[in-house]
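Please read the following explanation alongside the sequence and the model.

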Amino acid sequence: VGCAGPTEPEKNYLEMERVWQYLRAFCIWQDQVPTHPFNGFDEPGDLTDAIQDTIKDSRRYTVYYPPDAVPRSLQDLLSSARTDVDTFGTVLYQQWSSSLGYLRISSFEENYTASRGVFRSTFDELSEIEDVAPNVIIDLRGNGGGVLDVLDSCMELFLPAGVSYIEKTYRYYNDETRSARTRTITQKAVRSGGNFEGRRYAVLIDTNTASAAEIFAAGLRDGLGPGKVTLIGKRTFGKAIGQYYKALASQAVISITAFRFRRVLEDSTEADYMRVGIPPDRTVANNEYISVAEDILQGTAKLTDVSLQVPPSAGVDHPKARGAYAILHAELPESY
């Protein structure tokens, strides 16, 4: 009786070819894309694992998700029929005085509200705010980013037409030539008259300010200059990349790093914030964010009432900001 040895699992050649072709077309790290989809690789995920785009932790941004392991967040992002969920607002604005407002932006998203049957984005929420104070504290602490198209729309509310705010290098597919290319452009605001335009801003940032939120902070600072915008807090996360998400025929999903961002600065050595983050103009302790911002914007006496204890994860240090944060996040799940 013969005795056969163990057999290797059969490769899913079709799926591996799909993943490889998407990487060749859209991955910004073309020098890391494998030259062949099968040599040395056994699974589709092995191909995406070859792309080394981690930042400060072990999280990968170019990822293959098998059909049975696609995160719910990606399912919702790629679906146009989100009928079973209610999502929560990403913006809260409070008028603290006739000359000072506080704006909290927790993310740049487009969410579906089942009870109202509508899609609403951060842009929609911002554009509905009226009578904005001449000086605004913009709180981006803990804002991990969001959808790039939403971010670009939001910039239009703050910048006059023609102002450059970020340099973007990205991969795209040209249908006419049937080939993929890399393109670099400078993003500019295209229209004026936004409800937040013409103000002075103190922008609060921390180590959890990332991705689209970093573009927003840098775009305001570099587009309007230090006379109009001051970054306050701590150096940001340093995620100067963005992703495409593609649903495959197999129902798997692939996340591909397809965008690379740089600040629009004359000093090119400071323009690249990948993995190093965006430095603040004023570094402050956790309990000084709001008081320093008020002092910069309108020269008021610094507020020092920080006796109430705040959970470290909240990142909110002043009673006024604590109240705004509580309103915005009152119904969010603990895992948010």
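Helix 6 has 13 residues, and the distance from its first C-alpha to its last is 18 Å, close to the 18 Å expected at 1.5 Å a residue. The model that shows this is a predicted one. The buried residues are Ala212, Ala213, Glu214, Ile215, Phe216, Ala217, Ala218, Gly219, Leu220, Arg221 and Asp222. Just after helix 6 comes Gly225, which takes a positive phi of about 90°.

Helix 6 also packs against another helix. Two packed helices are described by the angle between their axes and the distance between the axes. For helix 5 (residues 148-155) and helix 6 (residues 212-224), the axes come within 10 Å and cross at roughly 20°. Angles under 35 degrees count as roughly parallel, and helix 5 and helix 6 are therefore roughly parallel to each other. Their crossing is right-handed. On the side of helix 5, the contact is made by Leu148, Leu151 and Met155; on the side of helix 6, it is made by Ala212, Ile215, Phe216, Gly219 and Leu220. Seven of these contact residues are nonpolar, one is polar and none is charged. An α-helix has 3.6 residues a turn, so residues three or four places apart point the same way.

Helix 1 can be read in a similar manner. Its 14 residues (13-26) should span 20 Å at 1.5 Å a residue, and the end C-alpha atoms of helix 1 are 20 Å apart, which agrees. The buried residues of helix 1 are Glu15, Met16, Val19, Trp20, Leu23, Ala25 and Phe26. What covers them includes helix 2 (44-49), along with strand 1, strand 7 (164-174), strand 8 (179-188), strand 11 (241-247) and strand 12 (253-262).

A loop residue comes next. Pro71 lies between strand 1 (63-65) and helix 3 (72-78), in the loop that joins them. Its relative accessibility is 27%, so Pro71 counts as partly exposed. In sequence, Pro71 and Val253 are 182 residues apart, while in space they are 9.3 Å apart, C-alpha to C-alpha.

The last step is the chain as a whole. The secondary structure of the protein chain comes to eight helices and 13 strands. Of its 336 residues, 48% count as buried. Among contacts between residues at least 6 apart in sequence, 72% join residues at least 24 apart.

Conventions
Residues are numbered from 1 along each chain as its sequence is written. This is a predicted model: local features need pLDDT of at least 70, side-chain atom pairs count only at pLDDT 80 or more; totals for chains, interfaces and linings use all residues. Side-chain values use heavy atoms; hydrogens and water are left out. Axes are lines fitted to C-alpha atoms, for helices over the stretch in contact, and angles run from 0 to 180 degrees between N-to-C directions. Helices (H or I, at least four residues) and strands (E, at least two) are DSSP runs, numbered from the N terminus. Angles under 35 degrees count as roughly parallel, over 145 as roughly antiparallel, 65 to 115 as roughly perpendicular and the rest as oblique. A crossing is left-handed if the near helix is turned anticlockwise from the far one by less than a right angle, and right-handed if clockwise. Contact means heavy atoms within 4.5 Å. Ala, Val, Leu, Ile, Met, Phe, Trp, Tyr, Cys and Pro count as nonpolar, Asp, Glu, Lys and Arg as charged, and the others, Gly among them, as polar. The expected span of a helix is 1.5 Å times one less than its number of residues. Buried means under 20% relative accessible area, exposed over 50%, partly exposed in between (1.4 Å probe, protein chains only).
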